[in-house]
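Please look over the sequence and the model shown here before reading on. The paragraphs after it are meant to be read with both in view.

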Amino acid sequence: MTEKNETAEKTGQDERRPLQSVRGMKDILPEEAGLWETVEGIARDCFRRYGYRPIRLPIVEHTALFTRSIGEVTDIVEKEMYSFHDQLSGTPLTLRPEGTAGCVRAVVEHGLLASAPILRLYYLGPMFRHENPQKDRYRQFYQMGVEAFGLSGPDIDAEQIVLQARLWARLGVAKHLRLQLNTLGDLNERQKHRADLIAYLERHAEHLDEDARRRLHSNPLRILDTKNPALQEICAQAPRLLAYLNEESRLHFEELQRLLTEAGVRFEINPRLVRGLDYYNRSVFEWVTERLGAQGTVCAGGRYDGLVAQLGGKPAPACGFAIGLERLLSLMRLEAPSKEESVTVYLAHRGAAATSWAFRVAEQLRDAGIATILHCGGGSFKAQLKKADASGAQFAVIIGDDEAATGKVQLKALRDAAFGQQPLPLEGVLATLRECTSPHEQALST
Ligand code: ATP
Ligand code: MG
């Protein structure tokens, strides 16, 4: 690469070439974006059914928010944040790498827990992490997150997991996902465990990698989260937090397991599950799959009872989770590789009476929830039907002056020769189109 090209690559400003998206940040084009909206709609509906309300949060936050909540010695804060200084004020700012910190900040800032000591919230949007891009690992990716505040018992932990299980079932991916559970105990228990863990890891010092050595005294628990297979083997024999739990933490964990069993949700205990952020305590969990290769965690979460106070609020217990949407959609694509499109009608019309009636028919189709492209710009029926075909619509509704006079329309299937073309009253058209609604769209109303 010449020096000039390298600069162009860095600045994205080679005037001879069209601009491209930033590495690790991809466009979601219309043919895919429809499925995204369907999935988001189903998830929103699921959250609503459990009493969660939406909150919309800024993408840019003060850098201090993340260093204070996620933890200084974590992958995210050490190497994955997009941070910069505001050009005018010089304030250190960061593109949010996750949603919980901003959500807690907003709850504290607006005193939401003062007016309602129990709060159930969800959010959805892009997150940013400077990672090495690979399949299902991006620098801009989307999360849907759910947070419950003010509840300390295992019942809310269990209910959130039951909600996730319901969502997987509705999206048709339940059979690919396994639930892994662990508990991180409380601060006191972790401190006792920490001393023994450090001593154990020091005995294996020669096998520790650079990350592990750096974390040995600052954040040894994180080492258990290693992705290095050799180190994973050593971690498998390390002292387990489970053995350090006091009565209260043990009961919390046992009750969570009992509630899940009662609800018919299967799980495995994974003592090495520690999660990549510091604010967790007690219950932590991940939904994992073997079907997506290395990027196997689709949803993760747990309890974070100390975070509200840590960010300046009156202490309040909390728990929540986040779903990685790219990975969830990759799983769904395994099940339904065909495009999931909703029915679209192309409305062709010719003649003065036909055109004014066509406007009204189009509105009535839209009233019934059917996407309708009304032909614009005149032309012969032959030319209009060519456009109908190119538009990707499944049906054409054809209205000439004859149809305008009789109150019927011609319904023509554009992708189904057996259906052909049929003269139908508008109610007949609506009934036929309803039958063609995609299974995912139907799931929205189940
Ligand atoms: P991983 O171990 O895969 O790096 P994580 O522990 O860093 O995940 P969390 O912070 O728990 O991830 O985020 C919750 C979910 O968001 C993950 O389970 C995953 O589905 C998704 N996610 C996290 N980072 C990315 C990314 N860079 N690209 C796509 N999805 C991601
Ligand atoms: Mg990560």
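This is a predicted model: local features need pLDDT of at least 70, side-chain atom pairs count only at pLDDT 80 or more; totals for chains, interfaces and linings use all residues.

Residues are numbered from 1 along each chain as its sequence is written, chains are lettered from A and ligands numbered from 1 in the order in which they are written, and side-chain values use heavy atoms, with hydrogens and water left out.

The protein chain is assigned domain 1 (29-186 + 246-335) and domain 2 (344-445), where the bounds come from an automatic or database domain assignment. Between the C-alpha centres of domain 1 and domain 2 there is a separation of 43 Å.

Around ligand 1 there are 15 residues, of which Arg129, Glu131, Lys227, Arg275 and Thr297 come nearest; a residue counts as near when one of its heavy atoms lies within 4 Å of the molecule or strand concerned. Polar contacts, meaning pairs of N or O atoms within 3.5 Å (within protein, one must be able to donate a hydrogen and the other to accept it, and residues adjacent in sequence count only if both atoms are side-chain atoms), are made by several of these side chains. An N or O atom in the side chain of Arg129 is 2.8 Å from an oxygen atom of ligand 1, a polar side-chain atom of Glu131 lies 2.6 Å from a nitrogen atom of the ligand, and one of Lys227 lies 2.8 Å from a ligand oxygen atom. Ligand 1 taken alone exposes 590 Å², and the protein buries 91% of that, with accessible areas from the Shrake-Rupley method with a 1.4 Å probe and, for residues, only the protein chains shown counted as cover.

Strands S6 (140-149) and S10 (297-303) each supply at least two residues of this shell, and S10 gives the largest share, three residues; helices (H or I, at least four residues) and strands (E, at least two) are DSSP runs numbered from the N terminus.

Glu80 belongs to helix H4 (residues 75-80) and counts as buried because its relative accessibility is 9%, buried being under 20%, exposed over 50% and partly exposed in between (1.4 Å probe, protein chains only). Its C-alpha atom is separated by 4.8 Å from that of Arg129, 49 residues apart along the chain.

Gly369, by contrast, sits in the loop between helix H15 (352-367) and strand S13 (371-374), and counts as exposed at 65% relative accessibility.
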